[in-house]
Amino acid sequence: MVKTFACSFTATNMDARSGISSIVAQLRSLGVPGARADEVQIALTEAVNNVVEHAYESAPPGDVRIRAELYPERLWINIQDAGAPFPRGKLPEGKPADVNVPAECLPEGGFGWFLIRELASQVQYERSEGNNNLSLCFEIKVTSPSAEV
Amino acid sequence: MSLTTTMTDDAQIVKVNAERIDAAMAIQFKEDMRTETDSGADRVILDLSEVQFIDSSGLGAIVAAMKQLGGSRKLDLAGLTPMVEKVFRLTRMDTIFDLYGSLSDAIAPADASS
């Protein structure tokens, strides 16, 4: 059985926070274990932060639409926006940050795509009809919703 | 963002009174840390026990807070919740900071905590 749910919000940091919280709360109520829901929240937050910071960087913030499909053993999350496409139409590689450098040279950003690629088992991107469609897949063992307090 | 400072004999403890350090809070956090640690002990302990969620912006802001202390002062992290600890571990930032399970671990004598 597939459970599908969705939400949309304006691409601002504060609206993204409440939109993502609502998705994660639904995942928990549907029996996604807490630690796994945390990991989905990390990857989803990084993906949406990118939309807020880059896709709508030079335009008034548009909408972000999130659709989640929860299967018994996996979760697909689709994030759609009408902002700028990824540079050269490709997703960033997401290399790990180099931490073997003097403290004053440590990176203060650029962790986002690395986290997404570490936490999601599949990442797909498609640009169509002026929209970015990013899909993240997570392998998940759903426990009984009643087991969640 | 609310930060609370406590001074001990040899360290400044800064407690983050927020559940999140995320993209919406990161710049404010960095600026408030600059103000809070403008002067004081060489060792600063950041108490993260209230923080339930951090993203890469928040992580970057903690790195920035460490860098703005300068080379002669040190930022240690205490009381990381499992989710926060996971983000530090995945990004290997757990190798940059000294992490303590709790504030009392952090302020225990150095030879007992190693």
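Guide: Two residues are in contact if their C-beta atoms, placed from the backbone, lie within 7 Å. This is a predicted model, in which local features need pLDDT of at least 70, side-chain atom pairs count only at pLDDT 80 or more, and totals for chains, interfaces and linings use all residues. Residues are numbered from 1 along each chain as its sequence is written, while chains are lettered from A and ligands numbered from 1 in the order in which they are written.

Visitor: Which residues of helix 2 of chain A meet helix 3 of chain A?

Guide: Helices are DSSP runs (H or I, at least four residues), numbered from the N terminus. Glu39(A), Ile42(A), Ala43(A), Glu46(A), Ala47(A), Asn49(A) and Asn50(A) of helix 2 meet Gly112(A), Leu115(A), Ile116(A) and Leu119(A) of helix 3. By class, this contact has 6 nonpolar, 3 polar and 2 charged residues.

Visitor: Why are helix 2 of chain A and helix 3 of chain A called oblique to each other?

Guide: Their axes lie 9 Å apart, at an angle of about 140 degrees. Angles under 35 degrees count as roughly parallel, over 145 as roughly antiparallel, 65 to 115 as roughly perpendicular and the rest as oblique. The two helices are therefore oblique.

Visitor: Why is helix 1 of chain B called roughly parallel to helix 2 of chain B?

Guide: The axes of helix 1 (residues 26-36) and helix 2 (residues 56-67) of chain B come within 9 Å and cross at roughly 15 degrees. That value makes the pair roughly parallel. In this contact, Ala26(B), Phe29(B), Lys30(B) and Met33(B) belong to helix 1 of chain B, and the residues from helix 2 of chain B include Ser57(B), Gly58(B) and Ala61(B).

Visitor: What makes a set of residues a nonpolar core?

Guide: Such a core consists of buried Ala, Val, Leu, Ile, Met, Phe, Trp, Tyr and Cys residues joined through C-beta atoms within 7 Å. A residue is buried if 20 or more other C-beta atoms lie within 10 Å of its own, exposed if 12 or fewer, and partly exposed in between. The largest nonpolar core here has 72 residues, of which Ala43(A), Val48(A) and Leu46(B) touch the most other members. Helix 2 (residues 34-55) of chain A gives the most to this core, with 10 residues.

Visitor: Which residues does Ala43(A) contact, leaving aside its neighbours within four places in sequence?

Guide: Ala43(A) is in contact with Leu115(A), Ile116(A), Leu119(A), Ala120(A) and Leu136(A).

Visitor: How many residues of chain B are in contact with chain A?

Guide: In chain B, 23 residues are in contact with 24 residues of chain A. Helix 2 of chain B supplies the largest share of that side, 8 residues.

Definitions and conventions:
Axes are lines fitted to C-alpha atoms, for helices over the stretch in contact, and angles run from 0 to 180 degrees between N-to-C directions. Ala, Val, Leu, Ile, Met, Phe, Trp, Tyr, Cys and Pro count as nonpolar, Asp, Glu, Lys and Arg as charged, and the others, Gly among them, as polar.
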